[in-house]
Amino acid sequence: MDETEFWEIIDSTREAAEGDPEDHADLLVERLLQLDPDSVLDFARHFEARYNRAYRWDLWGAATVLLGGASDDAFDYFRCWLIGQGREVFEGAVHDPDSLAELLDDFDEEIDGDGEELGYAADEAYEQLTGTAAPDLGITAQAAEPEGTPFDLENDRVLAERFPALWERFGFVGRSVPRPEPPG
């Protein structure tokens with residue numbers, strides 16, 4: 001499976017799920033069950049490589065703004081959700097996390113941002129196809145620490161300064177940093 005096919009599977013199942021992450025995961029499993037076990041493992045490798053690539057401090061900060069806080073687990077699930085948003089959103093966010101303010105049509109922290117089940121879809125499909133757990137994927141494990149320079153994820157002022165577009169669009173609900181006054 002090449003990268004284009006990986007993203008086509010992500011996109012088609014997300015579109016069919018109409019943005020619901022749980023439905024997306026179910027549809028993804030159904031789609032993967034149509035493949036042979038080796039192709040499912042290829043899909044899993046593509047997913048895991050992107051999941052590891054998104055282990056970055058700046059993306060964790062963006063997740064914190066969008067979710068109103070992001071624990072280790074919440075950030076893990078956010079990265080799965082981010083992959084589920086497709087290539088354009090994923091690549092844009094990895095390149096510039098603040099660009100999520102423009103890349104996302106909406107964001108409902110009650111529904112969006114939690115793609116935990118997407119992270120298990122390939123394993124579930126492989127197990128259904130073979131009756132055994134997926135083997136080691138043979139890719140480099142996630143780094144012990146996120147890539148980039150750490151910063152205080154609990155400081156609203158730091159988040160507002162680092163992610164001005166995200167903060168303007170999504171970061172004010174229940175936050176201590178006031179909305180900036182319009183110019184003029």
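1. Start with where two helices touch: E3, F6, W7, I9 and I10 in α1 meet F43, H46, F47 and R50 in α3. Contact here means heavy atoms within 4.5 Å, and helices are DSSP runs of H or I with at least four residues, numbered from the N terminus. The residues of this contact split into 6 nonpolar, 1 polar and 2 charged.

2. A quick word on the model: it is predicted, so local features need pLDDT of at least 70 and side-chain atom pairs count only at pLDDT 80 or more, while totals for chains, interfaces and linings use all residues. Numbering runs from 1 along each chain as its sequence is written, and side-chain values use heavy atoms, with hydrogens and water left out.

3. Now the geometry. Helix α1 (residues 3-17) and helix α3 (residues 37-53) pack at about 85 degrees, with axes 10 Å apart; the axes are lines fitted to C-alpha atoms over the stretch in contact, and angles run from 0 to 180 degrees between N-to-C directions. That makes α1 roughly perpendicular to α3, a label for angles of 65 to 115 degrees.

4. Leaving out neighbours within four places in sequence, F43 is in contact with M1, F6, I9, I10, L28, L32 and A122.

5. Finally, D123 sits in helix α8 (residues 121-130).

Key: Parallel < 35°, antiparallel > 145°, perpendicular 65-115°, else oblique. Nonpolar A, V, L, I, M, F, W, Y, C, P; charged D, E, K, R; others polar.
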